[in-house]
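Here are my notes on this model, as numbered points. Please read them with the structure open.

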Amino acid sequence: MTLDLDEPQPTVHASAPTKPRRGSGGRPSQQEALRRDARLVEIAATMFMERGFDATTIDAVAETANVGKATLYARYRDKAALFAAVFRRQIDRWLSSSMVEAPIPGDKVADVLLAMGRSMVSAALVPESIAINRIVIAQAIRFPDLAHMVHREGWQRSNASIAAVLDHFARDGQLVVEDSEMAADLFLSLVVGRLSRLAMLGITIDPAQVDRRVEAAVSVFLNGVAAPR
């Protein structure tokens, strides 16, 4: 969607080209609008993390981003919708940084799952991820639709990516998995669950213990699904 920045529209004359173009004081191009919308979400993310959900207002975000309130409300109907955009941006970053390359024939399942586990934990423990997850937990009862969106866009998308990897290794004969989605959910819980919870509680985690736990989680998981030799 093009973000209307409340700027005056250019006058179109009969001889003017029909293709939209950016002129002085004119409507932003689609690329410019996307960049400005991305900047708006970045600013909102910073304010949510620094101030929390309740102390962050639409007015303050609009003022900091130098965008009219009417423009911001036209793009996001309320603060929950703006936070949903912040979360979607974060989960896209989380998935892109935590997922390893798709396995290929010859890969060993232990190596791939260990690499996935390390990447997922690393992405889950960055301060931005922790701060946003704290807000999600705090607001889940107040905004149930937001909570469902977070579960769908976050955990379930990650779960589907892992399930696809498990299906690959099941076809390859390295795993025996009857329900790859359930197995992926258990893998996520083993690898990320406790570490993420400790981080949200503000409990310091020894990096060496983090890696040991990831290795142990992968080992426990494989003991349950490894194909018999």
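1. Start with helix α5. Its buried residues are Val109, Val112, Leu113, Leu114, Met116, Gly117, Met120, Val121, Ala123 and Ala124. Buried means under 20% relative accessible area, exposed over 50%, and partly exposed in between (1.4 Å probe, protein chains only). Helices are DSSP runs of H or I with at least four residues, strands are runs of E with at least two, and both are numbered from the N terminus.

2. A word on the basis. This is a predicted model, in which local features need pLDDT of at least 70 and side-chain atom pairs count only at pLDDT 80 or more, while totals for chains, interfaces and linings use all residues. Residues are numbered from 1 along each chain as its sequence is written, and side-chain values use heavy atoms, with hydrogens and water left out.

3. Now the whole chain. It has nine helices and zero strands. Of its 229 residues, 41% count as buried. Take contacts (heavy atoms within 4.5 Å) between residues at least 6 apart in sequence: 71% of them join residues at least 24 apart.

4. Look at the aromatic rings. Rings of Phe, Tyr and Trp (its six-membered ring) pair if their centres lie within 6.5 Å; planes under 30 degrees apart count as stacked, over 60 as edge-to-face, and the rest as tilted. The count is five aromatic pairs. Phe48 and Phe83 have ring centres 5.2 Å apart and planes at 85°, so this pair is edge-to-face. It links distant parts of the chain: Phe48 sits in α1 (residues 30-51) and Phe83 in α4 (residues 79-98), 35 residues apart. Both are buried.

5. Phe48, Phe53, Phe83 and Phe143 form one aromatic cluster. Lys79 lies over the face of Phe53, at 4.6 Å from the ring centre. The rule asks for NZ of Lys or CZ of Arg within 6 Å of the ring centre and within 35 degrees of the ring normal.

6. UniProt, in an unreviewed entry, places a "DNA-binding region" at residues 57-76. Such annotations may be inferred rather than shown by experiment. Over residues 57-76 the chain is 75% helix and 0% strand.

7. Check Asn66. It is found in the loop between α2 (58-65) and α3 (69-75). Is Asn66 buried or exposed? Asn66 is exposed, with a relative accessible area of 69%.
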